[in-house]
Amino acid sequence: MARVTKRSDAVFYGLVGLSAALILATIHVVFLMAPIESRMGIVQKIFYFHVPSAYAMYIGATACFAGSVGYLVTRKDSWDALARAGAELSIVMGLIVLVTGPLWAAKAWGYFWTWDPRLTTAMLSWMIYVAYTVLRAFAGDGPGERKFAAALGILGAANLPIIHFSVQKWGGQHPTVVTGKGGGLQDPNMQLAFALGMTAFTVFAITLIYLRMRFELTHSRLARAEEDAIDLGLDDRTET
Amino acid sequence: MTEQTQPQPSSPDSRATDFKAVEGGAGEQYSGSTLLVEAYSAIWLILFFWLVSLWRKQSALSVRLSGLESAIDRAAAAKDKKESK
């Protein structure tokens with residue numbers, strides 16, 4: 001057991017180190033190597049963290065979906081922990097997307113927000129994960145609540161393809177820089193900055209899910225310990 | 001010394017001017033550098049507050065769990081001792 005914990009700690013600290021190195025490398029390339037964009041100017045550099053954050057939001061949402069399906073099938077704590085971790089990551093990354101996007105738009109479009117299909121569906125998706133997390137925080141942690149939350153986690157994932165294809169299907173103002181045809185990043189250093197940003201946020205998202213799952217599993221262990229304490233006739237607020 | 005010409009008093013009507021709203025958004029009124037700094041500050045602040053809150057909750061939970069587990073071990077040992085007598 002101790003060996004498993006030690007190995008799990010080594011994996012976790014390895015992921016933390018790798019995330020930090022990749023993020024620092026991305027910052028270096030974005031600010032010291034990638035050129036300033038000709039039409040938008042320096043504000044275009046928001047793109048190198050805005051898009052990877054949106055991608056990390058998708059990773060969180062996918063983790064929430066996988067965890068929810070896994071929990072409904074197996075009823076194991078670890079799947080439920082994955083779903084909760086994914087939902088919370090989606091909220092954090094979604095918040096970054098919803099803050100950095102309007103700051104870019106202020107310069108590019110002249111206003112912070114418009115009810116464009118991509119913006120509206122992204123905000124809707126973020127609100128679904130906020131609802132999921134609020135439900136988990138206030139509705140208890142019984143099997144019924146977990147099943148209901150798992151259904152919401154699966155429903156939330158249904159919005160992901162809608163966000164992704166909204167630009168192609170319904171138009172709007174949101175640009176499509178990265179497409180199947182190769183994208184609009186003309187300079188090799190712009191491409192490097194973007195590729196590093198995407199890699200850094202993939203590793204960072206996995207690290208954050210891992211970290212949040214550890215917290216959730218500790219919480220489940222504490223709940224079981226409290227039940228054992230009650231069985232043994234101990235006060236469940238025992239501190240020492 | 002030349003005599004300075006005094007400005008002629010003008011009528012309020014001749015100074016009338018129009019204030020019109022800008023069309024097509026606010027355009028260049030936002031500085032790109034300021035927006036960039038705001039965006040990157042927001043990214044790190046959001047991540048910082050989330051990670052600090054998670055770390056604080058994890059620490060509190062670990063302290064409570066280790067206290068409870070040691071209390072359970074002591075109670076279980078005492079129960080075994082009582083039963084063996």
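Modeller: A residue is called buried when its relative accessible area is under 20%, exposed when it is over 50%, and partly exposed in between, using a 1.4 Å probe and protein chains only. A helix is a DSSP run of H or I with at least four residues, a strand is a run of E with at least two, and both are numbered from the N terminus. This is a predicted model, in which local features need pLDDT of at least 70 and side-chain atom pairs count only at pLDDT 80 or more, whereas totals for chains, interfaces and linings use all residues, and side-chain values use heavy atoms, without hydrogens or water. Residues are numbered from 1 along each chain as its sequence is written, while chains are lettered from A and ligands numbered from 1 in the order in which they are written.

Biologist: Which residues are buried in H6(A), and why are they said to line one face of the helix?

Modeller: The buried residues in H6(A) are A:Asn159, A:Leu160, A:Ile163, A:Ser166 and A:Val167. Seen down the helix axis they fall within an arc of 150 degrees, so they line one face of H6(A); the arc is taken from the directions from the helix axis to the C-beta atoms. The face turned away from that buried side carries the exposed residues A:Gln168 and A:Lys169, while the buried residues pack against H2, H4 and H5 of chain A. Just after H6(A), A:Gly171 takes a positive phi of about 70 degrees.

Biologist: Why is A:Ala149 counted as buried, and which residues is A:Ala149 in contact with?

Modeller: A:Ala149 is in helix H5 of chain A, and its relative accessibility of 0% lies under the 20% cut-off, so A:Ala149 counts as buried. Contact means heavy atoms within 4.5 Å, and A:Ala149 is in contact with A:Ser68, A:Tyr132, A:Leu135 and A:Arg136, leaving aside neighbours within four places in sequence. The buried residues of H5(A) also include A:Arg146, A:Ala150 and A:Gly153. The buried residues of H5(A) fall within an arc of 120 degrees, so here too they line one face of the helix, and the opposite face carries the exposed residues A:Phe148 and A:Leu155. What covers the buried residues of H5(A) includes H2, H3, H4, H6 and H7 of chain A.

Biologist: How do you know that H4(A) and H5(A) are to be called roughly parallel or antiparallel?

Modeller: The axes of H4 (residues 117-138) and H5 (residues 143-157) of chain A come within 10 Å and cross at roughly 170 degrees. Angles under 35 degrees count as roughly parallel, over 145 as roughly antiparallel, 65 to 115 as roughly perpendicular and the rest as oblique, and H4(A) and H5(A) are therefore roughly antiparallel to each other. Among the residues that meet are A:Tyr132 and A:Leu135 in H4(A), and A:Ala149 and A:Gly153 in H5(A).

Biologist: Why does A:Thr207 count as buried, whereas A:Thr120 is partly exposed?

Modeller: A:Thr207 lies in helix H7 of chain A and counts as buried at 5% relative accessibility. A:Thr207 touches A:Phe12, A:Leu15, A:Val16 and A:Ser19, not counting residues up to four places away in sequence. A:Thr120, in helix H4 of chain A, has a relative accessible area of 32% and is therefore partly exposed.

Biologist: And in chain B, what makes B:Asp73 exposed?

Modeller: B:Asp73 lies in helix H1 (residues 32-84) of chain B, and its relative accessible area of 54% is over the 50% cut-off, so B:Asp73 is called exposed.

Terms used: Axes fitted to C-alpha atoms, helices over the stretch in contact; angles between N-to-C directions.
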